[in-house]
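This briefing is meant to be read beside the sequence and the model.

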2 protein chains.
Amino acid sequence: MGEQVFNITELAQEFDITTRAIRFYEDQGLLEPARAGQRRIYNRRDRVRLMLILRGKRIGLSLQEIRELFALYDAAHDDEPQLQEFIRILARKEQQLLAQMEDIKVVLTEIGQLRGQCEKSLGKRGNGHNQAKEL
Amino acid sequence: MGEQVFNITELAQEFDITTRAIRFYEDQGLLEPARAGQRRIYNRRDRVRLMLILRGKRIGLSLQEIRELFALYDAAHDDEPQLQEFIRILARKEQQLLAQMEDIKVVLTEIGQLRGQCEKSLGKRGNGHNQAKEL
DNA sequence: CGATAACTTGACGTTTACGTCAACGTCAAC
DNA sequence: GTTGACGTTGACGTAAACGTCAAGTTATCG
């Protein structure tokens, strides 16, 4: 009934990051793996944390923000002011994410239009001087 | 019939950035405003460029990527290989953006769930030891 | 036992995107 | 004419997120 564990290179390979990055996250207080001697041993919970870190990064959170969210989440279960603060942070981030999604939609639309234009001008080649609007 | 122009502080205020940032974008080859003596004069086209720069940043493009896209867009009208490259870059970025939107959706969903939990535990207070699942 | 591989802890270097002076130019207002 | 307000060009500083050695430790294989 031994719990499943991982070493640092396994995690690095699984998530396609460097071991240096993983140690850096630990330096920043985002991970606290157990040790066997001086070597780091990661359990499933550590692995989940790492996944959360990486997803946080993908949506534009800084490591500091991720750490704050971890800390608040840990504290939020029995401290009401912390819990309120947690909710506020989440709401604020939600607004940022929604705004970002709007930007992304706009850009995707424009990409589609531009690609349409490109392929058209590839088809009827040789006109060479499309009027470039305003950019 | 003089064209509408702006100076650097006007643009800085309008877009809530510093003049330093605007000059930095020029250093990086993203803007080329006219000059009146040594002072910079921005026209509507410069202003649109600045808007594009800022939107590019908001969706996670580096200044270098933005510059490349500008350059490719400029060249793409009469150079077919450039145009193909342009399309490839746009397609790649589109995939990144779609993946990012997926991440954002997941996080927004979780934020909603967490907020629900928070408000519930605020209502029926005093149980103090919610089982924190896996985080 | 020695070699090799994998891991460890510093320590310093790097890139991006500006911030922050310093020192100077210029133009209108007093 | 000088005093601000605003603008300019360097030059150096900074924070985030690692990369890149260097030098030592531990485990394992033959």
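Predicted model: local features only at pLDDT ≥ 70, side-chain atom pairs only at ≥ 80, totals over all residues.

Residues are numbered from 1 along each chain as its sequence is written, chains are lettered from A and ligands numbered from 1 in the order in which they are written, and side-chain values use heavy atoms, with hydrogens and water left out.

**Surface near DNA strand C**

- DNA strand C is surrounded by 19 residues, of which Thr9(A), Arg40(A), Thr18(B), Arg39(B) and Lys57(B) are the closest; a residue is near a molecule or strand if one of its heavy atoms lies within 4 Å of it.
- Sugar and phosphate make up 62% of the atoms of DNA strand C that come within 4 Å of the protein.
- Phosphate oxygens of DNA strand C take part in polar contacts (pairs of N or O atoms within 3.5 Å; within protein, one must be able to donate a hydrogen and the other to accept it, and residues adjacent in sequence count only if both atoms are side-chain atoms): a polar side-chain atom of Lys57(B) lies 2.6 Å from such an oxygen, the side chain of Tyr25(B) places an N or O atom 2.8 Å from one, and for the side chain of Arg35(A) the distance is 3.0 Å.
- Two or more residues of this surface come from each of helix 1 (8-15), helix 2 (19-27) and strand 3 (39-43) of chain A, and from each of helix 2 (19-27) and helix 4 (63-75) of chain B; helices (H or I, at least four residues) and strands (E, at least two) are DSSP runs, numbered from the N terminus.
- Helix 2 of chain B gives the largest share of the surface near DNA strand C, with four residues.
- By class, this surface near DNA strand C holds five nonpolar, six polar and eight charged residues, where Ala, Val, Leu, Ile, Met, Phe, Trp, Tyr, Cys and Pro count as nonpolar, Asp, Glu, Lys and Arg as charged, and the others, Gly among them, as polar.

- Of the atoms of DNA strand D within 4 Å of the protein, 71% are part of sugar or phosphate, and the rest belong to bases.
- A base oxygen of DNA strand D is 3.1 Å from a polar side-chain atom of Arg39(B).
- The elements that contribute two or more residues here are helix 2 and helix 4 (63-75) of chain A, along with helix 1 (8-15), helix 2 and strand 3 (39-43) of chain B.
- Helix 2 of chain A supplies four residues, the largest share of the surface near DNA strand D, and the residues of this surface divide into five nonpolar, seven polar and eight charged.

**Sheets**

- In chain A, three strands form an open antiparallel sheet in the order 1-3-2, with strand 1 and strand 2 as edge strands that each pair on one side only; two strands pair if DSSP finds at least two bridges between them.
- Strand 1 (residues 5-6) of chain A pairs with strand 3 of chain A over two bridges, and Val5(A) stands opposite Asn43(A).
- Strand 2 (residues 34-36) of chain A is joined to strand 3 of chain A by three bridges, with Ala34(A) opposite Ile41(A).
- Strand 2 and strand 3 of chain A form a hairpin with two residues between them, and Gly37(A) in the turn has a positive phi of about 70°.
- In chain B, three strands likewise form an open antiparallel sheet in the order 1-3-2, and three bridges join strand 2 to strand 3, where Arg40(B) is the bridge partner of Arg35(B).

**Side-chain pairs**

- Over all chains, the structure holds twelve salt bridges (a side-chain nitrogen of Lys or Arg within 4 Å of a carboxyl oxygen of Asp or Glu).
- Glu26(A) and Arg40(A) meet in a salt bridge at 2.6 Å, N to O, and this pair links helix 2 of chain A with strand 3 of chain A across 14 residues.
- Arg49(A) lies over the face of Phe70(A), at 4.1 Å from the ring centre, and Arg49(B) lies over the face of Phe70(B), also at 4.1 Å; a charge sits over a ring if NZ of Lys or CZ of Arg is within 6 Å of the ring centre and within 35 degrees of the ring normal.
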